[in-house]
Amino acid sequence: MNILVTGGAGFIGSHLCERLVASGHRVVCLDNFHSFYDPQIKRTNLAGIIDHPDFRLVEGDVRDINDLDKCFSEHEIGLIVHLAAMAGVRPSILEPELYAEVNIMGTHKVLLACQQHGVKRLVSASSSSVYGSKQGGAFRENDDLGKPESPYAETKRAGEVLAQLWQRELGISVVCLRFFTVYGPRQRPDLAIHKFASLLYGGKPLPVFGDGSTCRDYTYIDDTIDGVMGAVEYVQTHSGYAVFNLGEARPVQLLDMIYELEAASGRQAALQWHPLQPGDVPYTCADLTRSRAELNYDPKWTFREGLRSFIRWFEDTRQT
């Protein structure tokens, strides 16, 4: 089956494309190589798969229905994994209109393409940010969602609402996946672990916002891809609309993350303290009951193991 992966040259997308091809699928990757970070990083992400006979790269934008039509007209797409988005809480506060245009209207265009080309199966990326600001406990998919703390969170909630609406209208099968702070090799350079590693190896202080007690449910990339693959299988055998968390269910405090980063790198960090920033939430933690039962999702990586894997990749690829 031909699977379209939007945003397929990014951190999560490139890992997913590799796994899908290795599993016997034919993959069409649509990516616009946006300058949010160096586009060459994305091209490097695809270096190991770009010449594979079951992989095709289409350079285009999900906001452009003609680019989507090109993918569908030249390839018999049977399923879409929609990852393309503007990411990041803090940048969304500076450019809310761009985030709405890409994340909401881009998702609308993908759903429109599903209608026009008769595609009945869609897996769409959402985010733990839709839960808003919670203080503790595990986040369940059927929880009442708090108010969005950033334009990014607002757009990801809107994407879920759009997907659910179109599922009802078109009678297609849709799964939305709420990702929880994914990390590992190829992680985007703006995300905390990668950013902190770059500062640490550059001999610069690490900015700590708040008192260091904020917690994130860091999720290793291989576990996340296992969950996406489970969703790809699920959407082929189930009808309707479903939402699943993909996390580790083991929140890590910010200061503990820095300690593990120091241990993995063998370097001592200098800290630079700052007030909490707008859009930050104090805590995330995924309840995995539904994902385990219906996607056979079983995350295996401890944070310590995953961070050491990231550091090995970082040292191997770091430009000195």
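Author: This is a predicted model. Begin with strand β5 (residues 121-127): six of its seven residues are buried, so the strand is largely enclosed by the rest of the structure.

Reader: Which strands are joined to β5 by bridges?

Author: Strand β4 (residues 77-82) is joined to β5 by three bridges, and the two run parallel. In this pairing His82 stands opposite Ser124 of β5. Seven bridges join β5 to β6, again in parallel, and here Ser126 has Arg178 in β6 as its bridge partner. Between β5 and β6 the chain passes through helix α6 (residues 151-170), in a right-handed β-α-β crossover.

Reader: Which strand do six bridges join to β6?

Author: Strand β11, which runs parallel to β6 (residues 173-179). Phe179 has Leu246 in β11 as its bridge partner. Five of the six residues of β11 (residues 241-246) are buried.

Reader: How should I read a nonpolar core?

Author: In soluble globular proteins, nonpolar side chains tend to be buried together. In this model the largest nonpolar core has 69 residues, and Val5, Leu16, Val81, Leu177, Phe179 and Met257 have the most contacts inside it. Helix α8 (residues 221-237) gives the most to this core, with eight residues. Another core, of 25 residues, lies apart from it and includes Leu68, Val110, Ala113 and Leu162.

Reader: Leaving aside neighbours within four places in sequence, which residues is Val5 in contact with?

Author: Among them are Leu16, Cys17, Leu20, Val27 and Val28. Val81 and Leu83 are also in contact with Val5.

How values were computed. Residues are numbered from 1 along each chain as its sequence is written. This is a predicted model: local features need pLDDT of at least 70, side-chain atom pairs count only at pLDDT 80 or more; totals for chains, interfaces and linings use all residues. Side-chain values use heavy atoms; hydrogens and water are left out. Buried means under 20% relative accessible area, exposed over 50%, partly exposed in between (1.4 Å probe, protein chains only). Helices (H or I, at least four residues) and strands (E, at least two) are DSSP runs, numbered from the N terminus. Two strands pair if DSSP finds at least two bridges between them. A nonpolar core is a set of buried Ala, Val, Leu, Ile, Met, Phe, Trp, Tyr and Cys residues joined through side-chain atoms within 4.5 Å. Contact means heavy atoms within 4.5 Å. A crossover is right-handed if, with the strands pointing away from the viewer, the path from the first strand over the helix to the second runs clockwise.
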